[in-house]
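The following paragraphs are intended to be read alongside the sequence and the model.

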Number of protein chains: 2
Amino acid sequence: MDDTVAAHAQDHVDDARLQQAIADLAAFGARDDGGVSRQTLTPIDLAARRHLIDRARALGCEVGIDACANLFFRRPGLDDTLPPVLTGSHADTQPVGGKLDGAYGVIAGLEVIAALNDAGIRTQRPIEVVAWTNEEGSRFGPGCMGSSAFVEPSRLEAFRASTDGDGVRFGDALDAALGDVPDVPRLPMARPMASCVELHIEQGPVLERANVPLGVVTGIQSVRWFRVTCMGQMAHAGTTPMDERADAMARAVSLAHRLYAYVAAEAATQLRLTLGRWLVAPNSVNTIPGSVTFTIDARCVDEAVLDRFEQALHAAIAEVRAPRQDITVEGMFRQAPTHFPSSMQALVEAACTRALQQRGLGTPIRLTSGAFHDSMYLAAHCPTAMIFVPSRGGISHNAAEFTDAPSLLLGARALAYTVTALAYADR
Amino acid sequence: MDDTVAAHAQDHVDDARLQQAIADLAAFGARDDGGVSRQTLTPIDLAARRHLIDRARALGCEVGIDACANLFFRRPGLDDTLPPVLTGSHADTQPVGGKLDGAYGVIAGLEVIAALNDAGIRTQRPIEVVAWTNEEGSRFGPGCMGSSAFVEPSRLEAFRASTDGDGVRFGDALDAALGDVPDVPRLPMARPMASCVELHIEQGPVLERANVPLGVVTGIQSVRWFRVTCMGQMAHAGTTPMDERADAMARAVSLAHRLYAYVAAEAATQLRLTLGRWLVAPNSVNTIPGSVTFTIDARCVDEAVLDRFEQALHAAIAEVRAPRQDITVEGMFRQAPTHFPSSMQALVEAACTRALQQRGLGTPIRLTSGAFHDSMYLAAHCPTAMIFVPSRGGISHNAAEFTDAPSLLLGARALAYTVTALAYADR
C-alpha cells in the first residue's frame with residue numbers, strides 16, 4: 001500500500017485539540033474525584049450527546065441517529081453510495097467511570113475528521129464516527145445494546161423491555177432520547193459498513209507492563225458465565241457437631257479451592273477465572289450457611305480451554321457434592337471468541353508502527369482484549385479491528401482510570417492512519 | 001439426700017396442664033407454619049407478658065419486674081428472708097422461632113409451682129420463676145440482655161442505647177414495657193439467689209442421636225468470634241491476567257480452606273467452626289473482588305483448643321497473605337466456657353434419673369451446651385444448672401422446632417424434683 005495519504009492524515013492529528021475535546025466531554029458528569037458519572041440515557045448523557053452533535057456539525061459532519069439512539073457523525077466521501085468506514089466507540093460510563101473508557105474512541109474519531117479537514121484530504125468512501133448507546137450495561141442490562149441491535153435489529157425489542165433500578169424501561173428512555181433530538185434524521189439499522197476500527201484504552205495491564213504505548217488487538221476473549229449453588233442445612237453454629245453439619249459454605253469453599261487450583265495448573269493457557277459475586281443465606285455469624293451461590297466468569301481466547309474448564313468444573317462438583325448437599329450449576333451467558341481479520345490487524349500494525357517509529361518508540365505488540373467491546377458485535381457485520389493504548393495500573397471502571405497524553409495522541413494518530421487508508425480508495 | 005419430698009413434687013407435674021400452657025403461650029405470635037414470631041418487647045411480647053402475669057397470679061404467685069423488664073413470679077417460702085431458688089428462661093423468640101425455645105423453661109417453671117400447690121408442699125426458700133428479657137438478641141443486640149444486666153446492672157446503660165432495625169432504642173422499648181405493667185412492683189437488680197436451674201430444649205442433635213430424652217448440662221461452650229478481612233484490588237475480570245491479580249476472594253478461599261482442614265484434623269477435640277457471614281465488594285460477576293470479609297465462629301469446651309485454633313488462624317493468614325493483599329483479623333467477641341458446679345450437676349442427674357427410671361428409660365447423659373443461655377450469666381451469680389430435652393433433628397430458631405410431649409413432661413418432672421430439692425430445706 002502506498003501510505004502517503006494515510007501518513008499525511010496521521011500527521012495532522014492535533015494533540016491540544018484532542019486533549020481539549022476529551023476534557024470538554026468529561027465535563028458532562030464530572031466528579032470531584034476526577035471520575036465521570038454518565039450512565040446511558042440519563043439527562044447528563046443526553047446533554048453530552050447534544051455536545052457531540054454540535055461538535056460534529058462544526059466539523060462539517062452530517063448527523064444521524066438510529067432506532068437504538070446510536071449517533072452517527074458522517075464525513076461525506078467522494079462516492080457517497082459506498083458503504084462508509086466506521087470508527088468511534090461509546091460515550092456512556094459506568095456509575096463511576098473515568099474520562100476515557102469509550103469517550104476516547106468517539107473523540108479520537110472526531111479528531112480524525114478534523115485532521116482530514118486540516119490536511120485537505122477527500123476520501124473515496126464516507127467516514128462515520130459512531131457513539132453507540134449503552135455499551136456499559138450498568139443501568140440497563142445487557143451491555144453493548146447499541147452495537148448488538150445495530151447488527152441484529154431483532155434484538156431491540158427484548159432490549160426495550162429491560163428496566164433500570166428505578167423501574168424505568170429502556171424502551172421509554174430510548175424514546176425520550178430520540179424525542180430529544182428532533183433535528184437529527186433517522187437512519188436505518190444494519191446499514192452496510194465497509195469496515196470498522198475502534199480505538200480504546202486497554203483496561204488491563206499488558207501494554208503498561210510491556211512498556212509499549214500501542215497495541216494491535218487480535219480479537220476478543222471468549223467468556224462463559226456460570227452460577228453455582230451449593231445447598232446445605234441452616235443450623236445453629238453452637239449446637240451442631242461438625243459431623244452432623246450440611247454446611248453450604250464448606251462445600252462452596254472446597255469447590256472454589258479446586259477451581260482456583262485447576263486454573264493455576266492451566267496458567268500456560270491464559271485461562272482467567274473470577275468468582276466475583278457471592279450470596280450466602282442466611283449470612284449470619286452464628287448460623288451454618290444453608291445455601292451459597294457464587295458466579296464463575298471464565299475467559300480464554302481458546303474455546304477448547306474453556307471446554308476443558310467446564311469439564312473440570314463438573315468433575316469438581318462431583319467430588320465435592322455430599323449427602324444432603326446438592327450442588328447445581330447453570331450457564332448464565334456464553335460468548336464465543338472474536339478474531340479480527342488478519343488483513344485488518346496488518347493495517348493497524350502498520351499504522352501503529354509508523355506512529356511509534358516517528359517517536360523512536362519501537363513497534364506495537366499484539367494482544368487479546370479481555371473486555372467486551374462494541375467491536376465484538378461489529379466483527380459479525382464487517383471487517384473490524386481495534387487499537388489499544390495503555391491503562392495505568394490496568395485500572396478502568398474507576399475514577400482513577402488514566403492514560404498519559406502522549407499515548408492518547410499516538411492512539412489517535414494510529415487511528416487516523418488506519419481510517420484514512422481504509423476510506424481513501426474504494427478497496 | 002432424702003428425696004421423698006422432691007419425688008412427691010415431681011409426681012404432681014401434670015402432662016395435660018403443661019401441654020395446654022405451652023399452647024396458650026404459643027398463641028401469642030403464632031404463625032400459620034406452626035412457628036412463633038414474638039421478638040422481645042414487641043406488642044405481641046407485651047401481650048404474652050400480661051398472659052404470664054395473669055397465669056402466675058392465678059397460681060398464687062407474687063409478680064415483680066426489674067429495671068430490665070425481667071419478670072419474676074414468686075412462690076413464697078416459709079422463710080421469705082432467704083434468697084430464692086430461681087428457675088425459668090425467656091419468652092421472646094427469633095423473628096421466626098418455635099413454640100419451645102425459652103418458652104418451655106418459663107412454662108415448666110410455672111408448672112413446678114402448680115405441682116407444688118397440688119402436692120401441698122411448702123418449701124423453706126421462696127421459689128421464683130423468671131422470664132428474662134431479650135435472650136434472643138435478634139431485635140436488639142446483644143442477646144441475653146436481661147440476665148446479663150440482672151447479674152451486672154452497670155451493663156444496662158449500654159444496652160439501652162442499642163437500636164433495632166427501625167431505629168427504636170432498647171431503652172425506649174424497655175420504658176414502654178415497664179409502663180405497660182403499672183400494677184407490677186419494681187424489684188432491685190442483682191438480688192441474691194440461692195441457686196438457679198434452667199430447663200431448655202437442646203437445640204442440637206446429641207440427645208436425639210443418643211436416644212435419651214434427658215440431658216444433664218455440664219456447662220456452656222466457650223466461643224470466640226473473629227472478623228477476617230482479605231484485601232485485594234478490584235479489577236476487570238476480562239482484562240486482568242491471573243498473575244497480575246490481587247484477588248481478595250482467592251485469598252479468602254485459600255484461608256477458609258486451611259481453616260476447615262485444620263478443624264477436620266482436630267475433630268477429636270470437638271472444635272466447631274462456622275464461617276457464616278460473608279461480605280464481598282463489589283460483588284459483581286465480572287469484577288475481581290477488591291475485598292472479602294468473613295466471620296469466624298469457633299467454639300469448644302476446652303479453652304486450650306481455642307487458643308491453638310487462634311494460633312493456627314494467624315499461621316494460616318501468614319501463609320496466605322500476599323503482596324498487595326493484606327489480611328487482617330479482629331476479635332469481635334469472646335466468651336469463656338461456663339462450668340456448672342458438680343454438686344448442681346449431681347442433683348440434676350438424680351432428678352433426671354428418677355424421671356427416666358419411672359418410665360424404664362435408663363439414665364440421662366451429660367452434654368455441653370453449644371448455644372448460649374441466660375444460665376451462662378447466672379452461673380456467675382449463684383450455683384447454676386441446666387436440664388436439656390431433645391430437639392428433633394437438632395432444629396431450632398425455626399418453625400420446625402419440635403420436641404415430643406413425653407420428653408417435655410420428663411423435663412418438667414426433672415425440673416420439679418431439682419427445684420424442690422433446692423428449696424425445701426435451707427441448705
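In this predicted model, His397(A) is partly exposed, with a relative accessible area of 30%. His397(A) is located in the loop between strand S16 (384-389) and helix H13 (405-424) of chain A. Apart from residues up to four places away in sequence, His397(A) touches Gln94(A), Val96(A), Gly97(A), Asp101(A), Glu136(A) and Gln203(A), as well as His236(B) from chain B. With Asp101(A) there is also a polar contact, side chain to side chain, at 3.2 Å.

Asp101(A) itself occupies the loop between strand S3 (85-90) and helix H4 (103-119) of chain A. Is Asp101(A) buried or exposed? Its relative accessible area is 6%, and Asp101(A) is therefore buried. When neighbours within four places in sequence are set aside, the contacts of Asp101(A) include His90(A), Asp92(A), Glu136(A), His200(A) and His397(A). Ile201(A), Gln203(A), Ser396(A) and Glu401(A) are likewise in contact with Asp101(A).

The UniProt record, an unreviewed entry, lists Asp101(A), Glu136(A) and His397(A) under "binding site". These residues span 297 residues in sequence, but no two of their C-alpha atoms are more than 9.6 Å apart, so they gather at one spot.

Attention now turns to aromatic residues. Trp278(A) and Phe294(A) belong to one aromatic cluster together with Trp278(B) and Phe294(B).

Over all chains, the count of aromatic pairs comes to 17. One of them, formed by Phe140(A) and Phe170(A), is edge-to-face, with 5.2 Å from centre to centre and 70° between the planes. Phe140(A) lies in the loop between strand S4 (127-132) and helix H5 (145-151) of chain A, while Phe170(A) lies in helix H7 (residues 170-179), so the pair ties together parts that are 30 residues apart in sequence. Phe140(A) is buried, with a relative accessible area of 0%, and Phe170(A) is buried with a relative accessible area of 0%. In chain B, the ring centres of Phe140(B) and Phe170(B) are 5.2 Å apart and the planes stand at 70°, so this pair is edge-to-face. The pair links the loop between strand S4 (127-132) and helix H5 (145-151) of chain B, where Phe140(B) lies, to helix H7 (residues 170-179) of chain B, which holds Phe170(B). Phe140(B) and Phe170(B) are both buried.

Helix H2 (residues 15-26) of chain B provides an example of helix packing. H2(B) has 12 residues and reaches 17 Å from its first C-alpha to its last, close to the 16 Å expected at 1.5 Å a residue. At the N-terminal end, Asp14(B) caps H2(B), with a side-chain oxygen 3.2 Å from the backbone nitrogen of Ala16(B). Which residues of H2(B) are buried? They are Leu18(B), Ala21(B), Ile22(B), Leu25(B) and Ala26(B). These residues cover an arc of only 135° around the axis, and therefore lie on the same side of H2(B). An α-helix has 3.6 residues a turn, so residues three or four places apart point the same way. The buried residues of H2(B) pack against helix H3 (43-58), helix H4 (103-119) and helix H13 (405-424) of chain B.

Conventions: Residues are numbered from 1 along each chain as its sequence is written. Chains are lettered from A and ligands numbered from 1 in the order in which they are written. This is a predicted model: local features need pLDDT of at least 70, side-chain atom pairs count only at pLDDT 80 or more; totals for chains, interfaces and linings use all residues. Side-chain values use heavy atoms; hydrogens and water are left out. Helices (H or I, at least four residues) and strands (E, at least two) are DSSP runs, numbered from the N terminus. The expected span of a helix is 1.5 Å times one less than its number of residues. Buried means under 20% relative accessible area, exposed over 50%, partly exposed in between (1.4 Å probe, protein chains only). The arc is that of the directions from the helix axis to the C-beta atoms. Contact means heavy atoms within 4.5 Å. A polar contact is a pair of N or O atoms within 3.5 Å; within protein, one must be able to donate a hydrogen and the other to accept it, and residues adjacent in sequence count only if both atoms are side-chain atoms. Rings of Phe, Tyr and Trp (its six-membered ring) pair if their centres lie within 6.5 Å; planes under 30 degrees apart count as stacked, over 60 as edge-to-face and the rest as tilted. UniProt positions are given in the numbering used here, feature names are shortened, and annotations may be inferred rather than shown by experiment.
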